[in-house]
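Have the model open and follow along point by point.

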Amino acid sequence: MTVFAPPKTYRVKSFGCQMNVYDGERMAELLSQQGIAPAPEGEQADLVVLNTCHIRERAVEKVYSDIGRISKDWRRNDGTAPLIAVAGCVAQAEGEEIMKRAPAVSLVVGPQAYHRLPAMLAQAIVGGRPVDTDMPAETKFDVLPARRKVGPSAFLTVQEGCDKVCTYCVVPYTRGAEISRPFSDLVAEAERLVDAGAREITLLGQNVNAWRDADGRSLEKLIEVLAAIPSLARIRYTTSHPNDMTGGLIAAHRDIEKLMPFLHLPVQAGNDRVLKAMNRSHSVDSYLRILDQARAARPDIALSGDFIVGFPGETDAEFEDTVRLVEQVGYAQCFSFKYSPRPGTPAATMDGQVPPAVMDERLQRLQAALQRSSLAFNQGSVGRRCQVLVDRRGRQEGQWLGKSPWLQSVHFTGDVAIGDLVEVELLEAGPNSLAGQLLHPAHA
Ligand code: SAH
Ligand code: SF4
Ligand code: F3S
């Protein structure tokens, strides 16, 4: 049995999606409230929280190698190792198994139970090794402390969980059923984020456009109300499912100026037989119709998506349909993945598992097409003048990085500060970023 001195410092390391980043921030706030301080950069922490992702096998393997590395490399001169907590989706999916496989872990907490972290920590310190993967009726959001200081671009989880059960995906099991947070809580949290320094808020959910409150309000209503917060400049939302993409939300892209012209709408594959086997419950055509409507509402809207190559049974010809779809849509950016069989999901035991070498080749081909598409999109922006939200310093002296309305990374030089919204002319494009020129120095 390992006992620990009460931790004085912590580090939270988040993997996976933006919802994990949000959860990581909230766990950090909770630990700070307990009087534990964030460990300075480069220094060992007494408590390490690994906020994990279960989406693909490689993400899971990374957790176990991290546990090994932390418990070895970080071993103190006095012989003590840090207290390791595993949170997030691997915690939910593997629970007790983590305790068996990784003796260095002292605490396992699932993504819906992390508000119980302080009590669990008290148990872990005396050698208890607690595991909590409940999805309790009280929601974590009701008991978490208020938001502290945030950067210019903040996340706000409005919806969690998924009822869609795509045949390849673990999220419905790790995050549970779809739930929407109450309207008034979200407005209050958004106001606090703005008071704490946010100029842009990205509303998050595994199916964010399925957000609906008890009074029947849907996401566009929430966006409309948040847009009235005076010093909030920009609103985004992610990730959306095609089946929950309503006419009202599409119209919001036309009607609400603060809603940025960007839509991340994963399609996964460009072939209807594959989509059916994935249980996506939309077709290529119905997906394309949504994109047409989005473009009609907001002609400059930037489109983004997720793709899986090598789903069981996918033939060369079916894969080619995906490449064709990418060429047809003209995405601004995208994420693409090799199919990874996940334990307990229907696809993992389907016939026709695709050999790794074929998946490699398909991924390379798809990524080349996506790269061409992003480059073409960025090149099409050259000459545009737009607002850029400055979010960090660049590598070179006097250089700054920020985001355009279309979520492009833009770098430029000038006399600005983080959090400024500045006017920039886009001059030169690469596939992943653009160079710009500052038009109105913020501190002139
Ligand atoms: N709810 C969102 C995305 C959730 S996960 C949606 O449905 O669009 C993020 C992305 O990971 C998915 O869009 C999918 O492209 C990918 N993904 C999920 N499960 C996967 C698996 N088993 N193998 C490979 N990629 C996967
Ligand atoms: Fe996973 Fe599908 Fe739900 Fe997205 S919609 S989280 S891919 S099950
Ligand atoms: Fe990963 Fe869980 Fe997000 S599995 S992608 S961290 S919801």
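1. Start with strand β15 (residues 385-393) and strand β18 (residues 421-429): they pair in the antiparallel sense over five bridges. Pairing here takes at least two bridges found by DSSP between two strands. Strands (E, at least two residues) and helices (H or I, at least four) are DSSP runs, numbered from the N terminus. If you want one bridge to look at, C386 has V424 in β18 as its partner. As background, strands of a sheet pair through backbone hydrogen bonds, either parallel or antiparallel.

2. A word on what you're looking at. This is a predicted model, where local features need pLDDT of at least 70 and side-chain atom pairs count only at pLDDT 80 or more, while totals for chains, interfaces and linings use all residues; side-chain values use heavy atoms, with hydrogens and water left out. Residues are numbered from 1 along each chain as its sequence is written, with chains lettered from A and ligands numbered from 1 in the order in which they are written.

3. Now zoom out to the barrel. Five strands close it in the order β15-β16-β17-β19-β18, with mixed pairing. Neighbouring strands of this sheet are turned by 55 degrees against each other on average, direction ignored. Helix α14 (residues 356-381) lies across β18 and β19 (433-438), and runs at about 120 degrees to β18. Axes are lines fitted to C-alpha atoms, for helices over the stretch in contact (heavy atoms within 4.5 Å), and angles run from 0 to 180 degrees between N-to-C directions.

4. The cut-offs are under 20% relative accessible area for buried and over 50% for exposed, with partly exposed in between (1.4 Å probe, protein chains only).

5. Compare E318, which sits in helix α13 (residues 316-329). At 10% relative accessibility, E318 counts as buried. Its side chain makes a polar contact with the side chain of R273 (2.6 Å). That term means a pair of N or O atoms within 3.5 Å; within protein, one must be able to donate a hydrogen and the other to accept it, and residues adjacent in sequence count only if both atoms are side-chain atoms. Beyond four places in sequence, E318 is in contact with N271, R273, V274 and G313.

6. Last, a ligand. The residues around ligand 3 (a heavy atom within 4 Å) include C17, H54, R175 and Q206.
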